[in-house]
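Please keep the structure in view while reading.

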Amino acid sequence: MTNPPRTEEGWYALHDFRTVDWDAWRAAPQRERESAIEDGVAYLEEHERVVDAEEGASAVFSVLGHKADLMIVHFRPTLDALSAAERRFESTALAEFTDQATSYVSVTEVSDYVSDSYFDDDEEETDEGIRRYIEGKLKPDIPDTEYVSFYPMNRKREAEQNWYTLEYEERADLLSAHGEIGKQYAGKIKQVIASSVGFDDYEWGVTLFGGDPADIKDIVYEMRFDEASAEYGEFGPFYVGRRFPPTDLAAYLDG
Amino acid sequence: MTNPPRTEEGWYALHDFRTVDWDAWRAAPQRERESAIEDGVAYLEEHERVVDAEEGASAVFSVLGHKADLMIVHFRPTLDALSAAERRFESTALAEFTDQATSYVSVTEVSDYVSDSYFDDDEEETDEGIRRYIEGKLKPDIPDTEYVSFYPMNRKREAEQNWYTLEYEERADLLSAHGEIGKQYAGKIKQVIASSVGFDDYEWGVTLFGGDPADIKDIVYEMRFDEASAEYGEFGPFYVGRRFPPTDLAAYLDG
Amino acid sequence: MTNPPRTEEGWYALHDFRTVDWDAWRAAPQRERESAIEDGVAYLEEHERVVDAEEGASAVFSVLGHKADLMIVHFRPTLDALSAAERRFESTALAEFTDQATSYVSVTEVSDYVSDSYFDDDEEETDEGIRRYIEGKLKPDIPDTEYVSFYPMNRKREAEQNWYTLEYEERADLLSAHGEIGKQYAGKIKQVIASSVGFDDYEWGVTLFGGDPADIKDIVYEMRFDEASAEYGEFGPFYVGRRFPPTDLAAYLDG
Amino acid sequence: MTNPPRTEEGWYALHDFRTVDWDAWRAAPQRERESAIEDGVAYLEEHERVVDAEEGASAVFSVLGHKADLMIVHFRPTLDALSAAERRFESTALAEFTDQATSYVSVTEVSDYVSDSYFDDDEEETDEGIRRYIEGKLKPDIPDTEYVSFYPMNRKREAEQNWYTLEYEERADLLSAHGEIGKQYAGKIKQVIASSVGFDDYEWGVTLFGGDPADIKDIVYEMRFDEASAEYGEFGPFYVGRRFPPTDLAAYLDG
Amino acid sequence: MTNPPRTEEGWYALHDFRTVDWDAWRAAPQRERESAIEDGVAYLEEHERVVDAEEGASAVFSVLGHKADLMIVHFRPTLDALSAAERRFESTALAEFTDQATSYVSVTEVSDYVSDSYFDDDEEETDEGIRRYIEGKLKPDIPDTEYVSFYPMNRKREAEQNWYTLEYEERADLLSAHGEIGKQYAGKIKQVIASSVGFDDYEWGVTLFGGDPADIKDIVYEMRFDEASAEYGEFGPFYVGRRFPPTDLAAYLDG
């Protein structure tokens with residue numbers, strides 16, 4: 001009998017990947033392009049200001065390569081708010097020039113591997129630092145002008161590499177060692193972990209933010225040698241890009 | 001020699017996933033949109049009222065992410081009724097604005113792991129509770145205003161993780177332990193299990209309903225640590241969404 | 001050194017899966033629809049009457065779900081006749097409203113696992129029943145008004161689950177046990193096995209016919225617990241549907 | 001330390017698979033169809049006569065099923081000649097009615113498993129038969145009016161089934177036994193093996209020619225029980241078809 | 001505890017694969033084709049001259065087979081420059097005749113497996129040859145008129161074939177043996193290794209340049225027998241082509 005961790009959930013997350021229909025964009029009359037940009041900027045600014053919900057965070061990123069051109073990330077307190085944001089985009093004039101290439105649905109999550117006392121509701125023993133740390137994990141803000149890497153992942157359930165049959169203590173130790181690597185990148189890499197169990201095709205979505213893309217490469221590579229990843233990690237597709245302010249949308253689209 | 005379980009089948013199930021062609025929707029004249037909504041609402045209401053068959057249940061759900069926008073679920077006593085419902089949709093004006101992104105065909109099923117006496121037709125030993133429980137599994141109703149998660153799954157047949165070479169008793173024990181987790185979510189999560197062996201690409205389709213999406217995540221995650229899933233579960237894509245009444249179709253499409 | 005079985009081949013088989021372009025169908029003027037149906041019915045009737053070859057069998061089935069709407073099955077003595085039937089369809093007015101979603105090419109096959117004496121050409125020892133049984137396997141007729149399940153499959157060649165390194169006798173025993181399950185469904189399920197080694201992406205194509213789809217589910221599920229499948233079976237996509245007479249094509253397309 | 005074999009390369013090979021756009025073909029005016037056929041026949045005849053290079057061989061085949069309608073095979077002394085042939089096709093009027101569904105790039109190859117003396121350049125010890133045999137492998141001609149099967153394949157590199165960690169002698173023995181099966185089909189099956197290591201997604205492309213498709217099935221099936229395939233073979237998609245003379249193109253397209 | 005290598009990064013790399021829309025190209029008026037070629041040549045020449053950044057290298061290659069027609073490779077000091085180059089292409093008239101079929105994002109990387117002293121910043125012990133060798137790896141130039149092979153790859157993390165749980169010394173030895181094979185191809189094959197950990201779906205992108213495609217095949221094949229690849233290599237799709245000067249674009253497109 002293995003014990004699952006206790007978990008606490010924060011904001012739901014939608015990673016909405018869009019490709020631009022460059023042929024249509026090139027062919028569109030100036031007036032239509034302006035209208036698309038106006039609509040797009042308004043959509044992005046409103047969602048970055050979170051006018052559609054009590055709290056949350058949104059941002060837009062350029063993405064390299066053929067898998068997508070734009071990634072719009074929304075964190076919101078409910079799935080309903082994400083669904084509304086996804087459909088609201090489709091009513092903008094910008095949507096006509098994009099296709100939804102892929103997406104990812106998840107919910108930010110903290111496990112009691114991190115802090116027993118917090119989950120035991122033992123207020124005296126949980127120091128304020130842990131509390132703020134957890135709050136930051138559950139309700140993340142999105143750093144400005146940073147590079148981003150997104151990827152979904154599983155923990156393996158193979159005969160000889162089975163995360164889910166490890167004892168709770170062993171999993172906690174492995175994740176603690178894993179976390180030590182993360183700490184070495186404090187100030188350089190910010191990590192948002194969200195569970196997609198029951199929601200999407202992998203078990204977690206990981207979003208990394210960093211001022212230098214080489215740091216993103218380094219942390220993922222270093223962690224890959226760590227047992228939690230080396231033996232148990234199973235990774236989906238990776239997306240890399242960079243945040244830009246909504247007002248730069250025209251510059252982005254005009255190359 | 002391993003013994004397969006005895007099974008009883010109930011309603012056949014079609015999970016019909018549709019993407020909306022948002023470009024066409026945006027471009028359509030108001031009159032066409034109204035006609036599409038009128039047709040769509042009529043189709044959904046008629047099928048929810050099961051006017052096309054003696055019994056059954058139908059519902060429509062919004063779906064998050066790129067994999068689909070709508071999931072229409074039909075439970076009916078025959079495959080023929082499902083086939084008719086699937087084609088009948090294509091004759092609505094709404095169909096012009098949707099594509100069938102994916103689908104799943106299955107039949108609700110109960111195995112004798114659950115109750116020997118029921119399958120032995122031993123009326124005296126089978127209490128009324130079990131009988132009603134099984135009836136509810138075979139002819140499920142669909143809860144109102146609930147979140148939904150759908151995913152297909154297999155039991156593994158690998159050299160060291162082979163469900164199908166386990167003894168009957170071992171499988172029964174594993175599923176009983178698995179069921180214990182389900183019971184902890186009684187009142188929070190309703191589960192419909194349907195076999196797709198011989199019908200579709202995985203062996204079962206699982207549909208979970210719950211008032212809080214975090215409960216959906218929690219039950220799937222907790223079960224994943226249980227041996228039946230940890231060693232033998234093989235999961236396909238996951239879809240998450242929320243039921244809405246047919247009359248909200250216009251609101252849904254207008255973002 | 002393992003011995004491959006001796007085999008005898010019968011008719012070649014094409015499983016031709018078509019999706020209907022429902023948007024085009026809805027939009028087509030009545031005259032075009034009538035012409036498509038006329039052409040389609042003529043094509044199907046001619047091929048069911050096998051006017052294009054000396055012998056064979058053809059039938060059309062409705063298919064559930066997004067993978068296909070129609071499955072047209074042709075059995076013919078030569079690959080050339082299948083190629084002609086496939087292209088002949090493309091010259092009908094019906095083809096304009098369909099796309100070829102997928103297909104499967106195979107040849108009916110009997111192995112000497114079934115009857116040594118038959119393959120030894122030992123006429124005296126091979127009783128007439130076996131002879132007729134084999135003839136029925138090699139030149140199958142297609143039952144009327146029946147449900148159908150089609151799936152391709154392989155035998156595994158993994159390190160610890162390797163069908164192809166088993167001794168001949170062991171394979172023969174496993175298939176004999178497998179056949180015993182089939183016999184329990186005599187009169188309920190008719191099975192057509194065709195080899196696609198060298199022709200298509202899996203090693204065999206299996207077509208099951210039955211009056212009750214639950215029997216199809218039951219036989220595949222029961223066999224999955226049998227060693228030949230539990231250890232060595234590797235299954236591709238499954239398609240389920242129902243045969244209809246060509247004259248019902250209009251009714252099918254009109255939902 | 002395992003020793004790789006020494007190899008000698010012959011002609012480069014392009015297997016160019018085309019689907020026909022039957023809707024466009026059906027709709028095209030007679031004049032356009034004639035022009036497409038004229039262009040297509042000229043392209044095929046010129047390439048079969050190898051007017052574009054000093055030596056080589058080309059042929060066109062009809063292909064069964066949805067994966068392709070036509071396979072055009074070119075063998076040429078350089079990759080550049082293949083690239084030119086591929087693009088030259090795109091400038092024909094026939095190309096407008098086809099899409100390039102898939103393709104395979106490789107180079108014919110002989111290994112010293114076959115003949116040490118040949119690779120040792122030991123002219124006295126290499127008899128003329130071996131020399132002609134190798135020449136025929138490196139510069140294959142394409143038999144007339146024959147059925148064809150094409151498939152790409154790998155040798156496995158799994159922990160317990162690893163071709164690449166076997167000793168040279170063991171690989172040579174396995175391939176020698178494999179070759180014995182091939183010899184039993186002498187006169188019935190002609191085999192062209194070409195390496196695609198570094199060029200395409202599998203390690204080899206295998207093209208089989210035979211007057212009877214059942215022989216193609218038989219040789220592949222029989223070899224599958226042989227250790228080289230049973231333990232180490234990993235097979236990609238299979239394509240089956242039949243060669244036709246360019247002048248039959250119109251007949252092919254008209255069904 | 002296994003130690004990850006220290007790494008140094010050089011230029012970021014974008015491999016941008018484009019298919020040509022041959023139907024559109026064939027149908028385009030001469031004037032549009034000329035304009036597309038003019039724009040395309042200008043784009044390629046400017047990027048080969050690296051007018052968009054302080055340093056870097058770019059080149060265009062024809063690609064064989066259906067996976068792509070053109071591969072444009074950009075090396076630049078920043079991800080931003082790659083993003084700009086990718087979008088800038090979309091604003092050319094040539095882009096209208098191409099689709100982005102696939103792509104790969106990576107960064108050139110050298111590990112301390114190669115030279116401890118270099119990474120220890122021990123200037124005295126690092127000889128000038130090593131320094132220049134590393135510089136050439138991090139800021140590669142692209143050879144003229146050469147064949148190219150590109151493929152992404154991983155190191156395996158299976159239970160019995162796990163690169164990431166090997167000791168540092170063992171990995172260094174394996175890569176050193178691997179490098180010995182590379183040295184045998186000195187002057188014939190130039191290799192560019194770039195990490196895509198955190199950026200794209202595999203862990204590395206490998207680009208091989210060589211004057212003879214048979215050398216490309218030979219080096220990849222020979223390395224496959226070497227333990228680093230035989231046990232631990234996991235390879236993605238392979239692309240093969242040839243560099244051409246931008247001024248040959250018209251000749252390329254006209255077949």
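## Strand pairing in chain C

Two strands are said to pair if DSSP finds at least two bridges between them. The model discussed here is predicted. In chain C, strand β1 (residues 7–20) pairs with strand β4 (residues 98–111) in the antiparallel sense, over twelve bridges. β1(C) also runs antiparallel to strand β3 (residues 70–76) of chain C, to which seven bridges join it.

C:Phe17 illustrates both pairings. In β4(C) its bridge partner is C:Thr102, while in β3(C) C:Phe17 stands opposite C:Met71. β1(C) is mostly covered, with twelve of its 14 residues buried. In a regular strand, side chains alternate between the two faces of the sheet.

## The interface of chains B and A

The size of an interface is often given as the accessible area lost when the parts come together. Between chain B and chain A, the buried area is about 3,500 Å², and carbon and sulfur atoms give 55% of it. In chain B, the residues that lose the most area to chain A are B:Lys217, B:Tyr221 and B:Phe225, together 22% of what that side buries. The contact involves 39 residues from chain B and 41 residues from chain A.

## Polar and charged links

Across this interface of chain B and chain A there are seven salt bridges. In a salt bridge between B:Lys67 and A:Asp201, the side chains meet at 2.5 Å, N to O. Polar contact is found for 22 residue pairs across the interface of chain B and chain A. By class, the side of chain B that touches chain A has 18 nonpolar, eight polar and 13 charged residues.

Definitions and conventions
Residues numbered from 1 in each chain as written. Chains lettered and ligands numbered in written order. Predicted model: local features only at pLDDT ≥ 70, side-chain atom pairs only at ≥ 80, totals over all residues. Heavy atoms only, no water. Buried < 20%, exposed > 50% of the residue type's maximum accessible area, 1.4 Å probe, protein only. Helix = DSSP H or I, 4+ residues; strand = E, 2+ residues; numbered from the N terminus. Contact = heavy atoms within 4.5 Å. Buried area = accessible area lost by both parts, 1.4 Å probe. Salt bridge = Lys/Arg side-chain N within 4 Å of Asp/Glu carboxyl O. Polar contact = N/O pair within 3.5 Å; in protein donor to acceptor, adjacent residues only side chain to side chain. Nonpolar A, V, L, I, M, F, W, Y, C, P; charged D, E, K, R; others polar.
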